[in-house]
Amino acid sequence: MGGGEHDGGPGDGAPAAQLARRTGILCAERRRAKAIQAHLPDWLAVRDSAAAIHFFEGYGLPVPWSVWRQPLWTWTLFFLPFSDGERLPGRAVRDALGEARAAGVPACLAAARSVFTKATGPAAGPFEPCSHSVWPSRCFCHGFGVAHAYFPAIPCLPFYNDVSYLAAAPPWSVLRPLYLNLYPLLIGLTFLAPVDVTLSVWFFLLLNKLELLGAAATGWSEAASGGGAPSPPYLEEQSAGAYLALAAVLVWNARKHLAAILRSLALWNGKGGQTRNEPDARAFRLPAMGFLGGALGVLVWAQWTGLPLWFAIGFFGFYFAVALVLSRLMAESGISWLLAPILPDKLILSLTGTTAISQMALTRLVVHVQHLRDTRQMLTPAVFHAGRLREEGKIAPRAFYGLLLAALFLSFGIAIPAALGIFYHHGALSLTANSDGLMMSSSVIPTTAVNQLSSRLISPLKPSAPAAVAVCVGAIVTVALAGVRARFLWWPLNPLGYALTGTLQVGYANKMLLSILLGWLFKSLTLRFGGARGFRLLRGVALGLILGDLVMGGILKLLDALLGPSGYAIF
């Protein structure tokens, strides 16, 4: 009895306290929702609730163009200079770096060659028969997985394995998620990439886990609050410093080429300030003017939409620094990197605090998350990649890049109306089962961005001195790795790996770890015991792995459309 009375005493006030707490939370949510709506005008985002609900849920309704017209024009004014400004960095880096001209054939072009080119003559090489025999077997292996998705009684190969249960207790739980996933596509790409880059990627991924474990075991915590607060061991901030340092090194190495481009703008007399030892910079006049005009247009647009000039310079400056580094990766390996680094707003606000900008600017940062989260949307590495294809096709640069830009603008005019029509007919959320990209774009990214904004408005983020130190440490480590690599040819670690692995997409990085390790191991053993001849022989196997996954991915999408979503994914 006594125990029951004791338990009931404090419980009498608990409902009232919980009710008051919930009431306060609801009031705060309403105030925050009103604040968000007040700072997102109808010319920047769709504010009509019915139009937003129908966008996500469908109902087979027509597109309400009256509420979409103003936001679409506003964002057109952003993407026109933004896209034009991204063309020059890829071209300039490509022509300024000596390694860029010796870069390997892009994996997609090599895979296509291995199938559509007869394995005869000196240009064919001994690897092509291997690719012809491997890619059908890859389709066959994935066929079991697809069949198992529709008919569970059919066995399948265990390509994807979640072993996070092995790290259930602290401090080991900080290592989660843990995956032992086999991605043949990624193994093939890793085999084609330089050994030092792939070694550095998996080495620093493992080192990141050790840093997380050390921080958890020692109880290291900054005790920060607010949306996107940095946390020990500040992996994303270290990566940001690495990106900035690598971008600075790239600009420094390209200084002569960039100076020639600037002189060509200053001396518009047909010579462009060119000397015998300088590259022909006259071809870069129009792209350079496009870059400068694009950068200026983006800053003017940012000012018009409420972002402070200093913040806009840092925000988009970091974006272009990342684009330059990823172009450098394309130069060394011929393949791109999928995982995004720290977002620019999180980096800047972790150094300055959220009170450095107004609530209006803080709110309007939400609309930028969508086009900054996925590095596959970056135009600069794609232009770099396309430049190699242009050389293979022997197409004039001005015509090629002009057509590329025209195709980009044409895609805006076709894709946007088509996508809106599909979303309002079927509902964006109902289509997420068929597409991981749609799930990220229509659900995960917007929800994460709004929740982060809510957290920043409730608990303002304070400047973090450890985060600033981590950025400096990342830059210093990167410069040191680059210096050691330049001085000692045997040095195995590439600073690119250090920069790439401090990603905000930790889950994807953990899924890729084993496949990158296996691809590196296979190539290292091949070069060690088979030399260049062994690599040429097994390169066809790598191309077969890539092509097999790509072909099966297309077949899987067709089956999903005909039979319904299977839930099976190639990558």
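Student: Are phenylalanine 82 and tyrosine 319 buried or exposed?

Tutor: Both phenylalanine 82 and tyrosine 319 are buried, where buried means under 20% relative accessible area, exposed over 50% and partly exposed in between, using a 1.4 Å probe and protein chains only. This is a predicted model, in which local features need pLDDT of at least 70, side-chain atom pairs count only at pLDDT 80 or more, and totals for chains, interfaces and linings use all residues. Residues are numbered from 1 along each chain as its sequence is written, and side-chain values use heavy atoms, with hydrogens and water left out.

Student: What kind of aromatic pair do phenylalanine 82 and tyrosine 319 form?

Tutor: Their pair is tilted, at 5.1 Å centre to centre and 45° between the planes; rings of Phe, Tyr and Trp (its six-membered ring) pair if their centres lie within 6.5 Å, and planes under 30 degrees apart count as stacked, over 60 as edge-to-face and the rest as tilted.

Student: And which parts does that pair tie together?

Tutor: Phenylalanine 82 lies in helix H4 (residues 65-85) and tyrosine 319 in helix H14 (residues 309-333), so the pair ties together parts 237 residues apart in sequence. Helices (H or I, at least four residues) and strands (E, at least two) are DSSP runs, numbered from the N terminus.

Student: What about tyrosine 319 and phenylalanine 320?

Tutor: Those two form an edge-to-face pair, with 5.7 Å centre to centre and 85° between the planes, and both residues are buried.

Student: Switching topic, what follows helix H10?

Tutor: Glycine 219 comes after H10, and its phi is positive, near 70°.
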